[in-house]
Amino acid sequence: MNIAPIKSIKDIPTEEDIFPGTPVCAGCGGLLALRHCLKVLGKKVVIVNAAGCFTLLSIYPFTPFQNSWLYTAMACAPAGAQGIRDALDILIKKGRLDPEEDLKVVVLTGDGAAYDIGIASTSGAIYRNLDFYYICYDNEAYGNTGFQWSGATPFASKTGTTPAGRISPTGTELSKKNLFEIWKSHKPPYLATISPAHPVDLINKFKKAEQYKGPKLFINLSPCPPGWATDTSYTARLAKLAVDTGIWALKEAVYGEARHTVIPRRVKPVEEYLKGQGRFAHLFKPSRQEDALKKIQEMVDRYWNEARKAEVIKE
Amino acid sequence: MMKEMLTGNAAAAWGVRLAEVDYVPAYPITPQTEIIETLAKWICDGVMEARFVTVDSEHSMITAAGAASATGVRVFTATSSQGLLYGFEMLYTVAGWRVPLVMINVSRGLSAPITLEPDHNDVLAARDSGFLQIHCETCQEVLDSILMAYRLAEDERVLLPVLVNMDGFYLSFTREPVEIPDIKKVKRFLPPYQPKHAFFKASQPMAQGVAVIGGPVYSYFKYQMHLASRKALEVYKEVSDEFKEIFGRAYNTIEGYMADDAEYILVMTNSFSTLGKAAVKNARSKGIKAGLLRLRLLRPFPEKDIFDAIIGKKVVAVLDQNISIGKGGILYSEISSAICNGKESPLLLSFVGGLGGKNISPEEFEFIFDSMIKAIGIGEIPASRLLYTEAEWKEMDSLKKMAGKL
Ligand code: SF4
């Protein structure tokens, strides 16, 4: 594997590892990112999946992958990865499997599994320094069940279980859980946030991760047309806006040392990101919820101020 | 032949060692922990070539066990009670993966109230999961059953995981003389695991555990599991015959004790059967034609063997060391299903006893035999009854008094 970073989008291999015609929604930001991830990971991969939208990628007798797949359950994909990794190691050590047959073990889950129900099994796997990848496609709610609140849902998002109404005009009142920091506290060899709108950054992160043995963890902010109530053609632009407004910070952490990898040049106001999405529509109509909009902008500003204090950020 | 004094837990560990298991994902829980501690020590000392990992919960443990088995190694794991239930979702899941792992359950009553001593609500909760179930009475049987379990599970006609059950405390911590079989004989009985159906390797990508859509596909795969489990009845006979030939010990799906000429049959499982056998002997000395039937293979359910063993008897009493709340003894229903279509079905009485490890005294067994004799001629079968002595009732009263409830 060539781990030298690529420079431009033209350097991305054109060969696809996921065949078209999957049952996930048109414009799914998660699938867009996964396509890029697999271009780096290659074909010698076993994906260990937790219950979520992507479980529907492999429905008997079809699979869009050229690699292996195991669906586990919602809370325990990292434990499945543990079993497979250990078993492959044992087979190779005992001479029952040619090392050429070895596989990269890749956990693939949504945010419900990563932020909520599977956080214990993930913590365990990271703590045990399991040699695996974790790709979380984070669409900020339980998407496969129709978009309900999860620990990843950001403040003021409307979901099926946090509707916006007279009692709670903002919808969700809680803020998004900081999974990056939770995972970072375990000091894994490699941890990064990624975006389908920044494929060069994404690919270079996977290339960089390759050199480390142990947990290599990725959180992808995944625009989700049905849940976010956006047009399917808007996904890439929205993913880009999330970065440009500073809402989704692209960063990495090597053994717990974090740094930002993409710094928005002129940070755009958060409103530009929010206003195109149905899940935030109540912040603008019938009347503007100024307090909520201000709070979101302040949260983002505070984040970047703190980031600037902690690391020298070249603008 | 040399015998060693081993606890049930140590006997289990020996079974695993002799089976040359590759992988042991573990999570501690009383009264099972001694098994995984013993294995951890052996692996650490290098006398057993396997990998041991303590994971974050039984849910993760069963997942890791299933996933490793799906990758192609021989896997063992152990749990008990709350742990089994904590991982419950994954029992059904890994059984559906058709992976041949073996798991020990050391029985312990279920919370609430939380307790330590055994009954069988834990393992029977897993009755419908797809795991085969072997229930043991002695420490020797625990060791032997593990070897048999791998043969069964790995048989291509079966490919289902197996749960081997033993009672917490009464067996797990009780030392009995156990013959540790010679490894050469074990190798003859149990060849190395060569996965032909479930494995992961780069040259042959495989999607396992995939979703299905629609009832017909789902029904197909579920019923396949059922048929494989039923097939295991046949395979079991082959495996037990071969086991007897190599090791000289015979384990049928059920075990009769003074049952052939008996008119009154007591049905039991697991270690308390030893108490039942003593009670049968006692009843015989008083001229009662008593016998005992111990169920050993619970899944697949050997109804034919059971039918043959009890049809024509006068009265059968099922002593359930479990309780289905709102119904009564679980095995009572199972036994009735085995005999209900027979012409000479015996009367069938139900008793619940030994819950949470409560002792069953000789008097309680006498009460059972007495009830069986009286049942003839009454024509009416009483509802399920709980075995509970007067002394225990009084003791409970005094506890309630202390609690300010009396
Ligand atoms: S619901 Fe959202 S996350 Fe799920 S497949 Fe559809 S677009 Fe992707």
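A salt bridge is here a side-chain nitrogen of Lys or Arg within 4 Å of a carboxyl oxygen of Asp or Glu. By this rule five salt bridges cross the interface of chain B and chain A, and the count over all chains comes to 57. The model is a predicted one, in which local features need pLDDT of at least 70 and side-chain atom pairs count only at pLDDT 80 or more, whereas totals for chains, interfaces and linings use all residues. Residues are numbered from 1 along each chain as its sequence is written, chains are lettered from A and ligands numbered from 1 in the order in which they are written, and side-chain values use heavy atoms, with hydrogens and water left out.

Contact means heavy atoms within 4.5 Å, and the contact between the chains takes 37 residues from chain B and 41 residues from chain A. The buried area, which is the accessible area (1.4 Å probe) that two parts lose on being put together, summed over both, is about 3000 Å² between chain B and chain A, and carbon and sulfur atoms give 65% of it. Of the area that chain B buries against chain A, B:R51, B:F200 and B:A202 supply 18%, more than any other three residues.

Polar atoms also take part in this interface. A polar contact is a pair of N or O atoms within 3.5 Å; within protein, one must be able to donate a hydrogen and the other to accept it, and residues adjacent in sequence count only if both atoms are side-chain atoms. Between chain B and chain A, 14 residue pairs are in polar contact, with both residues at pLDDT 80 or more. Helices (H or I, at least four residues) and strands (E, at least two) are DSSP runs, numbered from the N terminus. On the side of chain B that touches chain A, β3 (51–54), α3 (58–71), α5 (88–96), β9 (207–208) and α9 (215–247) of chain B each supply at least two residues, and α3(B) gives the most, with seven residues. The residues of that side divide into 20 nonpolar, eleven polar and six charged, where Ala, Val, Leu, Ile, Met, Phe, Trp, Tyr, Cys and Pro count as nonpolar, Asp, Glu, Lys and Arg as charged, and the others, Gly among them, as polar.

One salt bridge between the chains joins A:K94 to B:D22, with the closest N and O atoms 2.6 Å apart. Strands meet across the chains as well: two strands pair if DSSP finds at least two bridges between them, and strand β2 (residues 68–71) of chain A pairs with β9(B) in the parallel sense over two bridges. In this pairing A:W69 stands opposite B:A207.

Within chain A, A:R85 lies in helix α2 (residues 77–93). Buried means under 20% relative accessible area, exposed over 50%, and partly exposed in between (1.4 Å probe, protein chains only); A:R85 counts as buried because its relative accessible area is 7%. Its side chain makes a polar contact with that of A:D102 at 2.9 Å. Apart from neighbours within four places in sequence, A:R85 is in contact with A:D102, A:L103, A:V105, A:L130 and A:D131.

In chain A, the side chains of A:E15 and A:K43 meet in one at 3.0 Å, N to O; A:E15 belongs to the segment before α1 (29–41) and A:K43 to the loop between α1 and β1 (45–49), 28 residues apart. In chain B, B:R249 and B:E179 form another, their closest N and O atoms 3.1 Å apart, and this pair spans 70 residues, from the loop between α9 and β10 (254–257) to the loop between β8 (176–178) and α8 (183–189). Both B:R249 and B:E179 are buried.

The last stop is strand β12 (residues 290–295) of chain B, which is largely enclosed by the rest of the structure because six of its six residues are buried. B:A290, B:L292 and B:R294 point one way from β12(B), and B:G291, B:L293 and B:L295 the other way. β10(B) pairs with β12(B) in the antiparallel sense over four bridges, and B:I254 stands opposite B:L295. β11(B) pairs with β12(B) in the parallel sense over six bridges, with B:L266 opposite B:L292. B:R294 also belongs to a network of salt bridges with B:E137, B:E141, B:E255, B:K277 and B:R296.
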